[in-house]
Amino acid sequence: MKINRNTVGSLEIISYYTGYIVLCMAVLTLIPIITSLIFAEWNPLLDFIISMAITVLVGLGLVLCGWRTRLQKANIQWKHGFVVAALSWLILMVLCGIPTFLSGNVGSMLDACFDVMSGFTTTGLVLTQNLDHLSSGLNMWRHMLTFIGGQGMVVLALTVMVKGTNGAYKLYVGEAKDIELVPNVKGTARLIWKISMVYLLIGTAALWLNGVLIGLSPVPALLHALYIFESAWSTGGFAPMTQNIMYYHSVSYETVAMVIFIIGSFNFGLHYAIWQGKRKELVKNIETQSFFITSFLACMLAVYGLEKLHVYPNTVSFFRRVVFNVLSAHTTTGFGSIYARQFALEWGDFGILIMIIAMLIGGSACSTAGGFKGLRVGIVFKGLLMDVKKLLCSERNVKAYKFHYMKDHILDDSLVRSSATIIICYMALFSAGTLLGTFYGYPLASSAFEAASATGNVGLSVGVTAPGTPAGLKIYYIIAMYLGRLEFLSVFALFGYVAGGVKKLCVKSFRH
């Protein structure tokens with residue numbers, strides 16, 4: 001008898017693939033478990049075992065609820081892909097926060113969820129206390145979440161997903177990635193991880209050698225190198241010590257980290273093109289053009305503004321304290337080479353404004369970076385030029401305008417409009433955060449800085465984000481990080497799906 005695939009409901013499809021992603025993360029809990037065993041950290045080991053058991057149970061429950069999806073090979077629709085991506089992030093935020101909460105290094109489960117969402121979204125804002133004395137297992141977990149979040153949990157699941165999944169591309173796009181390195185989505189997902197793992201080996205080795213040369217013991221130097229690489233490559237901003245990148249007191253260490261986070265902020269498609277020998281993409285690509293122009297302007301303006309204030313005495317200080325932080329903001333990395341309050345007390349309104357603009361622009365699309373992306377800035381700018389040229393040209397002179405992004409694309413009004421819409425969404429979210437911060441009594445500049453950091457998934461702070469921050473503001477920052485990382489559409493689809501379900505339930509109850 002022929003099976004009717006339409007018998008599988010949307011809820012079952014969503015449940016099955018969400019559970020699959022949850023189970024993938026449960027398996028990865030083995031990494032901090034093994035780390036805790038190696039370093040004989042028995043309490044953290046128990047925390048991770050408990051967390052893994054709960055995650056496996058939740059994942060299995062979701063998979064079993066949607067098991068007909070596998071049996072009948074149901075097709076994934078666009079709404080399913082977006083909802084699965086958005087829902088899995090929320091579920092994993094809670095499940096992956098269990099070890100942090102059980103460790104006793106956060107004040108509440110809300111703080112644990114905050115730090116997990118900050119890691120997943122590669123933001124880097126921190127509420128975990130006593131960072132200098134965290135267990136190796138928990139430190140491994142924090143930085144691993146950042147590394148996985150940079151590539152994406154859905155991308156991770158797709159690399160090991162069973163062959164024959166119908167509509168896998170819709171799951172992939174749901175996580176705010178739409179680059180196709182190869183025609184097969186599973187192949188693209190694996191290439192993304194291959195690129196990241198190759199850089200992981202190279203970057204960790206460079207930082208390890210540097211760490212040993214500046215005086216760290218070999219084992220701590222290796223762990224720190226791994227943690228800093230994972231954060232830098234994923235433009236995440238987490239660090240194993242309270243002083244962040246300042247802990248190392250080394251120009252060379254900061255420089256290596258800076259090179260890694262700049263490379264990490266580039267599109268995976270650009271990495272793949274360069275690997276294939278297409279080095280001209282670095283110059284021709286609209287995204288790299290936009291990034292180099294805006295980052296150069298931001299660095300020069302910040303240096304000029306702070307030179308007037310006589311904050312830093314020499315060129316080396318300007319490079320380490322100004323250029324480093326501006327590029328960290330622009331790539332949405334969040335490594336800070338000055339203390340949080342120094343932004344507010346020393347940089348002045350002009351310096352803070354430059355940082356806010358850099359944080360909101362962010363890095364490249366389909367990379368580990370956040371912000372509304374240089375690609376959209378380039379498209380909107382070229383769209384503006386296109387409209388001006390159209391006004392100046394004869395009506396008979398119909399010309400197609402193009403831009404280069406891995407290949408030549410036609411610049412049409414719908415593309416400009418969609419790019420502008422996403423930028424407007426980011427600006428609205430940023431404005432709401434600034435307003436909320438001032439409502440809770442923080443200065444306007446500090447509120448705007450912190451809102452830009454959360455919205456752009458950056459992680460730099462002027463001191464607003466702290467264990468004593470009002471719960472309402474913490475919840476807003478979680479939402480801002482979540483919306484900013486998934487670029488709104490998946491989250492809107494989830495909200496719409498839930499609202500639609502509630503509406504149907506209410507109508508059904510009313511009729512009865």
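Leaving aside neighbours within four places in sequence, which residues are in contact with tyrosine 199? In this predicted model, the contacts of tyrosine 199 are Thr204, Phe229, Trp233, Ile263, His271 and Trp275. Tyrosine 199 itself lies in helix H11, which spans residues 185-213. The C-alpha atom of tyrosine 199 is separated by 8.7 Å from that of isoleucine 260. Along the chain, these two residues are 61 residues apart.

Confidence was examined for the whole protein. The mean pLDDT is 87. Of the residues, 90% reach 70 or more. Residues 1-6 fall below 50. Beyond near neighbours in sequence, this stretch has six contacts in the model.

The domain assignment divides the protein into two listed parts. Domain 1 covers residues 2-264, and domain 2 covers residues 278-424. Their centres, taken over C-alpha atoms, are separated by 27 Å. The two domains touch. About 2,000 Å² is buried between domain 1 and domain 2. Carbon and sulfur atoms give 67% of that area.

Polar interactions across the interface were then counted. Eight residue pairs are in polar contact between domain 1 and domain 2, with both residues at pLDDT 80 or more.

Charged pairs were considered next. Side chains of opposite charge can pair when their charged atoms come close. The count for the model comes to four salt bridges. One salt bridge is found across the interface of domain 1 and domain 2. Glutamate 254 forms a salt bridge with arginine 320. The closest N and O atoms of glutamate 254 and arginine 320 are 2.9 Å apart. Another salt bridge joins the side chains of aspartate 111 and lysine 474, at 2.8 Å from N to O. This pair links distant parts of the chain, 363 residues apart. Aspartate 111 sits in helix H7 (residues 109-120). Lysine 474 sits in helix H23 (residues 471-486).

Serine 10 was also examined. Serine 10 is placed in helix H1, residues 10-28. The side chain of serine 10 makes a polar contact with the side chain of lysine 79, at 3.5 Å. Not counting residues up to four places away in sequence, serine 10 touches Lys79, His80 and Tyr497.

Key: Residues numbered from 1 in each chain as written. Heavy atoms only, no water. Domains from an automatic or database assignment. Buried area = accessible area lost by both parts, 1.4 Å probe. Polar contact = N/O pair within 3.5 Å; in protein donor to acceptor, adjacent residues only side chain to side chain. pLDDT = per-residue confidence, 0-100. Contact = heavy atoms within 4.5 Å. Helix = DSSP H or I, 4+ residues; strand = E, 2+ residues; numbered from the N terminus.
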